[in-house]
Amino acid sequence: MSRIAYDLSLIRAVVFDIDGVLSPAVVPLGDDGVPRRMANLRDGYAMVRAVRTDALDLCIISGADAPGLRGRFSLIGVKDIFLAAGNKLDLLKAWMASRNLAPEEVAYVGDDIPDLPCLLHVGLPVAPADAAHECREAAILVTKAAGGYGVARELLEEILKVKGVWPTTGDIANG
Ligand SMILES: [Mg+2]
């Protein structure tokens, strides 16, 4: 039984912000003045599994735009990656329409004010433990993990378990 107060079997798609969600909100600042990012490899495993099992469509909508982001996330199977996003809600609505997704079929994970309209638009709004309080208050699920430290893993594991495609101890023992 999931600890999330939502029928996760409804979820067909998960949309992620990057900074403060898939990468921490606090990152090193390069000498060139450009903030660096971090990749959580256990998030990566769960994202790959979600895509390879055809359990979920994954999407990224981020205000960030840096070389390498598209490469990293397309490599792990995210087909739709919107970077340098201005109005995130417009992008989210257009993407959901293109995929024929109803709000109750979508989880959105965001950590700051620009994500709020998107959080309020979907059925399952999710915020990292260290998100802005406005996002935490709007969320049905506040993850135990802080941004960058396993937020995607925590959410995807719960959804994929409900869908029966998260590896069990027996699967793992049998390779
Ligand atoms: Mg963010």
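This is a predicted model: local features need pLDDT of at least 70, side-chain atom pairs count only at pLDDT 80 or more; totals for chains, interfaces and linings use all residues.
1. Six strands form an open sheet, paired in the parallel sense, in the order β3-β2-β1-β4-β5-β6. For a reader new to sheets: strands pair through backbone hydrogen bonds, and the pairing can be parallel or antiparallel.

2. The pairs around β4. Strand β4 (residues 106-109) runs parallel to β1 (residues 13-16), with 4 bridges between them. Within this pair, V15 stands opposite Y108. Strand β4 is also joined to β5 by 3 bridges, again parallel. Here V109 has V126 of β5 as its bridge partner.

3. Strand β5. Which residues of β5 point one way and which the other? L124 and V126 point to one side, while P125 and A127 point to the other. All four are buried, whichever way they point.

4. The core. In soluble globular proteins, nonpolar side chains tend to be buried together. The largest nonpolar core of this model has 44 residues. V14, A107, Y108, V109 and L155 have the most contacts inside it. Helix α6 gives the most to this core, namely 6 residues.

5. Tyrosine 108. Leaving aside residues up to four places away in sequence, Y108 touches V15, L92, C118, L119, V122, P125 and V126.

6. Helix α3. This helix (residues 88-98) lies across β1, β2 (57-61), β3 and β4. It runs at about 160 degrees to β2.

7. Helix α1. The helix covers residues 41-52, which makes 12 residues, and its first and last C-alpha atoms are 16 Å apart, close to the 16 Å expected at 1.5 Å a residue. Its buried residues include D43, A46, M47 and A50. They lie on the same side of α1 because they cover an arc of only 100 degrees around the axis. The face turned away from this buried side carries L41 and R52, which are exposed. The buried residues of α1 pack against β2 and α6 (151-162). After the helix comes D54, with a positive phi near 60 degrees.

8. Helix α6. How far apart are the end C-alpha atoms of α6? They are 17 Å apart, which agrees with the 16 Å that 12 residues should span at 1.5 Å a residue. V151, A152, E154, L155, L156, I159 and L160 are the buried residues of this helix. These pack against β1, α1, β4, β5 (124-127) and β6. Just after α6, G164 takes a positive phi of about 75 degrees.

9. Leucine 8. L8 sits in the segment before β1. Is L8 buried or partly exposed? It has 17 other C-beta atoms within 10 Å, and therefore counts as partly exposed; a buried residue would need 20 or more. Beyond residues up to four places away in sequence, L8 touches S2, E158, I159 and V162. L8 and R136 are 128 residues apart in sequence, and their C-alpha atoms are 19 Å apart in space.

Methods: Residues are numbered from 1 along each chain as its sequence is written. Two strands pair if DSSP finds at least two bridges between them. Helices (H or I, at least four residues) and strands (E, at least two) are DSSP runs, numbered from the N terminus. Two residues are in contact if their C-beta atoms, placed from the backbone, lie within 7 Å. Axes are lines fitted to C-alpha atoms, for helices over the stretch in contact, and angles run from 0 to 180 degrees between N-to-C directions. The expected span of a helix is 1.5 Å times one less than its number of residues. A residue is buried if 20 or more other C-beta atoms lie within 10 Å of its own, exposed if 12 or fewer, and partly exposed in between; C-beta atoms are placed from the backbone. The arc is that of the directions from the helix axis to the C-beta atoms. A nonpolar core is a set of buried Ala, Val, Leu, Ile, Met, Phe, Trp, Tyr and Cys residues joined through C-beta atoms within 7 Å.
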